[in-house]
Amino acid sequence: MRGHYRTGILVLIALAVLTGIEYVIAVSFPSTALLFLVAIMKAALVLYYFMHVTSLWSEEGGH
Amino acid sequence: MTLFSLGLVRGIIGQVIAFLAGMALVVVIRALMGLPAWAAEPAWVVGGLVSIVGFLVGVGALSDWLKWIRGEETPLRHGPPEGKPAWVRYFEVDYNHKVIGVQYTVWGLFLLMTGGFFALAFRTELVQAGIQFLGYDLFNSFIGLHGIVMIAAILLGVGGMANYLVPLMIGAEDMAFPRLNALGFWINVPGTLLILLSLVVGGWDAGWTGYPPLSARGPIGYQLFFLGVYAVGLSSIVGSINLIVTTLRMRSKGMSLFRMPIFVWAVFATSLIQLTATQLIGLSFLMVLVERVLGMGFFDPGVAGPGQQLMEGGGDPLLFQHLFWFYSHPAVYIFILPGLGIISELLPVFARKPLFGYKWIAMSSLAIALVGFLVWAHHMFVSGMNPDLRIPFMFSTLLVAVPTGVKFFSWVGTLWGGKLHFPTPMLFVLGAISVFLIGGLTGPMLATVTTDIPLHDTYFVVGHFHATMFGGFVFPFFAALYYWYPKVTGRMYNETLGKIHFWIMTPAFWVQTLGQMTTGMMGMRRRIADYDPTLGAGNIEAVHLVITLAGFAIALGVVLMVYNFIQSAEVGARAGVNPWRSRSPEWQIPSPVPEHSFPSPLRVVGEPYDYGRPGAYVALGAAGDD
Amino acid sequence: MSAVAAHADVEAHVAEADYQERTRRNRLGLWLFFVSELFMFGGLLVARFYLWRENGEIVRPELDQNLGLIITSILLLSSYFMNRAEVAIAHNDRTNFLVSLLITAALGTVFLVGVVVFEWGAHLRPWDGVFGAVLFGMTGMHALHVLSGIILILNVWWLGTKGHFSAEEHWGVEACAIYWHYVDLIWIFFYPALYLIGRAVPA
């Protein structure tokens, strides 16, 4: 049962780490491009793992 | 059956009650906050916003969703409402796309005539220099209302054609989301009513573009205008979602993308623009709305709170123009793409020849839609934006001529050597091509920076714009009305009256648009109530008189058409299944189309436009039946 | 073909599409709505980078960094619990499904309080020049979506307690979940735009 939830936890950890990195970048060497890059990485994680964007075109996943 | 059982009446009552409730809410909140209880602007804004919801609740557009919240199933109801006459369904929330298509079209025609009325009023004022019967404020409100009411009318006309035709043309039973479809129509009604209501609270005098800083300071009428546009925009968005999903997921067997009728391609391209760009006009108007109500200085360079140092520039009115035109330029492609699709759809039927370059036409619609997103700043050549931006925007704008040219060559190629027939729809298609050519050829002059700078804000632009709108929407829309009228009603319209309509309206429009361009060259500015009668060596008043007379002639033509349609619904000859000998799916089923359009699944057995060749495009029933 | 069989054919033809097909259509429709909204939020971002400038340099008002980091983390955490609820219903783990939904709604409410009470309650006001206008415009539009998301989650939770949704049929849960993740996605871009990017200027 627990196994199903593992992916979610890993993604959460990755997102938390990226948010930390974002904050460090902002206070130590602010760079708009770098901050956007991190945001895009976070967005990609959310889109792929949480929002299942691939279910839009895969023939599986009508529940 | 009583008057109150009519959905439209319940909706309007709901809107009035909600308007008052919203105002009361503001009064109570302000009193609780210790402010003076009555403040006109917040009261009208909140009242207007709530009134849209009130209308939707009253008409019943939200009923099924409110049941879903409670977990109740709501099966789709088919057929006319029980215990009421059949015509009542057109004034009620109905989920059949054919009913919704007719609702869109009729409300669109009503708005078209309302917008035309405003135009006739201020055109009459313009016949002589000086002010005769419209005051400055009313004149300005009327030009704004003419613009935005016409835009709503066009959006509704486009919605009507798309809703009625797309499911029939791809062999789908209905739209993907019938409830959303009904909401998409009904939210237009409170929206347009709010726009008209703005006249009683001072109107609005900035023209339909609503540029700040004027729109951030004028009368309360602006707020109702913003809210109304918001509602109509929401309709565009939900309608486009519906059309895209329907086109992508509900095509019948064998209906590959490149075998769809060309009109479906045009609607698909249109929907992509509506889906995305519409948000930006909503956002820009919302920003002005909150700037007025809460003092949020997006566009006001001078706003600085206590203890707040003025930033470099502060707010910026140019930002509004960028956001606004990011919708409002692509919007003109929303208006014309379906119309150009109608032209391409009808020409092969009346030329009895295949459509020339089907794939190129399909792709050119998408190309116009995409390039349309890259041209917005050509409206701002003299706005004071960075002058270096003008060159790339000039090039991208001129690029639009390429896919448009593809369409023109395809039309000429389709006509060439065809067996031409000239019933009213074909006449309007040819009229559309001639008018759109005028609009198209005057486009590059306005796209080019050097010629745009002197022409900007003159009547030349008005002439160009009206030629594109009439050629791209009005003429094709009227062609579509005449062409599909037998399918919708089952009866033929009066051909003689139709032809009279065409021969009044087309020359009148040529005179009008060329006259507008002429006054522009004489130095007439747009959106001006009064002008110098010595312009054009003293001839400008005569030209204005001619334009106005032409405008009245166009109005006469439209009235003839409406009379024709109302009368023919009673006495017209039975049209039969396929009076135009078309191969398109909607002409293979009875007229008027039954509740469930297709008696059996549609199959595609050939190419869509192989007129003059043996075989068929579509067949009904299982493969063994024919 | 006999008349009866033909009639049955029509009935089958006009019947509503099956659950799988309807789910695919619903999903595509919802994603198109997201695309549409993206342009609205994108417009707000454009306004932010257009207006928050001094001599061409990107600036931002000085905001409470701790508050920004805390509410961002809370929203991310809520996204995790939303995902947990969806995975739970897909495996028929009803207890976990309902509990996760409640946790998500609670975390969402904390985020909303963080924005509306603490961020809006700090020194900036909507009428304080472009700093106030853009800050309240962006957070306000986002907060409106968070609020609607919370209402949606509570609605799904309530229906869940009444026995709706199953491992096979739970489009309602999926829709609610991806909407919530979408709200989080927007904040992923709004957080750096408001709190991190540009030189801090005393507001």
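How far apart do the C-alpha centres of domain 1 and domain 2 of chain B lie? Let's find out, starting with a bit of housekeeping. You're looking at a predicted model, where local features need pLDDT of at least 70 and side-chain atom pairs count only at pLDDT 80 or more, while totals for chains, interfaces and linings use all residues. Residues are numbered from 1 along each chain as its sequence is written, and chains are lettered from A and ligands numbered from 1 in the order in which they are written.

**Stop one: chain B**

Select residues 7-69 of chain B for domain 1, then 95-301 + 315-597 for domain 2 (the bounds come from an automatic or database domain assignment). Their C-alpha centres are 31 Å apart.

Now look at where the two meet: 17 residues of domain 1 of chain B are in contact with 19 of domain 2 of chain B (in contact means C-beta atoms, placed from the backbone, within 7 Å). On the domain 1 side, α1 (7-32), α2 (40-59) and α3 (63-69) of chain B give two or more residues each. Helices here are DSSP runs of H or I, at least four residues, numbered from the N terminus. Colour α2(B): the largest share of that side, 12 residues, comes from there.

**Stop two: chain C against chain A**

Next, show chains A and C. Here 32 residues of chain C are in contact with 23 residues of chain A. On the chain C side, pick out α2 (19-51), α3 (65-90) and α6 (171-196), which each supply at least two residues. Finish on α6(C), which gives the most to that side, with 10 residues.
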